[in-house]
Amino acid sequence: MGRATRIVTVLIGPDPAGRLDKALGDAVPEHEALSRSRLARLIADGAVAVNGACVTDLRAKLAEGDRVDITIDEATEVATAPEAIALSVVYEDDDLIVIDKPAGMVVHPAPGTPDGTLVNALLHHFGGNLSGIGGEKRPGIVHRIDKDTSGLLVVAKSDRAHHGLAAQFADHSIEREYIALCHGAPDPGDPRLNGVRGVNFELGGILKITTQLARHKTDRQRQAVLFQGGRHAVTRVKLEENFGPVARVTCRLETGRTHQIRVHMTHVGHALIGDPVYGGRRRVSEKLFGAALAERINAFPRQALHAAKLGFRHPVSDDDLLFSADLPEDMAALVDDLRAVTA
């Protein structure tokens with residue numbers, strides 16, 4: 001039995017863009033949620049006909065009044081296996097789901113982690129109730145957080161949600177706030193920070209870090225700070241509690257690059273507690289907190305980073321949504337102990 005299909009027909013208006021994929025990107029109704037990349041794949045696959053003739057050249061030109069038929073196959077099942085893994089669901093509707101991801105869970109399957117991921121868990125949770133992302137019945141991962149970072153993550157369940165959320169992440173209109181525990185306290189009065197390139201303080205003592213980020217030249221698992229090339233990255237850091245050699249801070253992302261907070265905090269000399277990649281060998285002295293607490297801090301098993309707030313405009317209903325997630329037990333217990341020692 002052949003796959004079910006549907007046909008989207010558009011009539012080209014005046015002054016279309018100079019190539020087929022761009023012109024279709026402008027002409028296809030927004031509710032169809034066909035991204036430029038999806039349209040490009042459909043053209044290459046021979047699924048686009050202009051005035052009845054199949055066209056596979058992305059650079060083909062259209063004229064006012066042209067009729068374009070786009071044949072779209074029913075979404076296919078993906079090879080990734082569903083797994084019955086418990087999830088902390090913060091919010092869910094027909095188009096998206098917000099998850100409070102635990103530390104230790106990888107978001108998407110990869111060669112080293114083919115199972116046990118958030119995607120495996122979501123496929124089981126949805127039970128096949130997915131309208132399809134890019135022609136496949138899969139969750140739409142529009143952003144990720146590191147395996148050992150906990151906290152909030154939004155995932156699309158439909159093409160229209162995927163398209164709308166991706167656009168918000170691209171224009172940096174998503175609100176993202178993280179809670180972190182770091183070495184030392186970022187203080188406007190610290191003369192050392194005045195000499196760090198890419199650093200300035202805004203009103204309210206907010207530390208703003210502005211750099212470029214790119215993959216490290218020799219260590220492909222790391223990101224590196226640059227000031228030419230790479231991708232623009234901005235993090236704002238607010239000191240919430242100063243425990244002396246350790247501080248609790250909130251980090252707000254203007255951009256969302258790989259390892260951004262971890263790299264930026266290391267760049268300004270305030271690496272995250274427990275960070276195995278960027279934290280180096282920095283340790284807290286037993287003289288400051290006592291042997292037991294110092295050892296707990298020094299042996300903290302992951303980067304102390306939690307995605308605590310996530311806000312965005314619902315891509316279908318257009319409602320403004322804001323979600324929050326409490327600190328996980330490991331970070332909350334450490335904060336409580338730090339408060340007790342420094343009270």
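The model is predicted, so local features need pLDDT of at least 70 and side-chain atom pairs count only at pLDDT 80 or more, whereas totals for chains, interfaces and linings use all residues. Residues are numbered from 1 along each chain as its sequence is written, and side-chain values use heavy atoms, with hydrogens and water left out.

**Pockets**

- A pocket is an open set of points on a 1 Å grid over the protein atoms alone, where a 1.4 Å probe fits, with protein on both sides within 12 Å along at least five of seven lines, and its lining residues have an atom within 4 Å of a point.
- The largest pocket holds about 680 Å³ of space, the volume being that filled by probe spheres set on grid points joined across faces, edges and corners.
- Its lining comprises 25 residues, of which Arg-144, Arg-176, Gly-256, Arg-257 and Thr-258 lie nearest the centre.
- The second largest pocket, of about 350 Å³, is lined by 14 residues, with Asp-146, Gln-221, Thr-258, His-259 and Arg-262 nearest its centre.

**Strand β17**

- β17 pairs with β11 in the antiparallel sense over 6 bridges, where pairing requires at least two DSSP bridges between the strands, and Arg-176 has Leu-310 of β17 as its bridge partner.
- β17 also pairs with β18 (residues 320-324) in the antiparallel sense over 5 bridges, and Lys-309 is bridged to Ser-324 in β18.

Note on methods:
Helix = DSSP H or I, 4+ residues; strand = E, 2+ residues; numbered from the N terminus.
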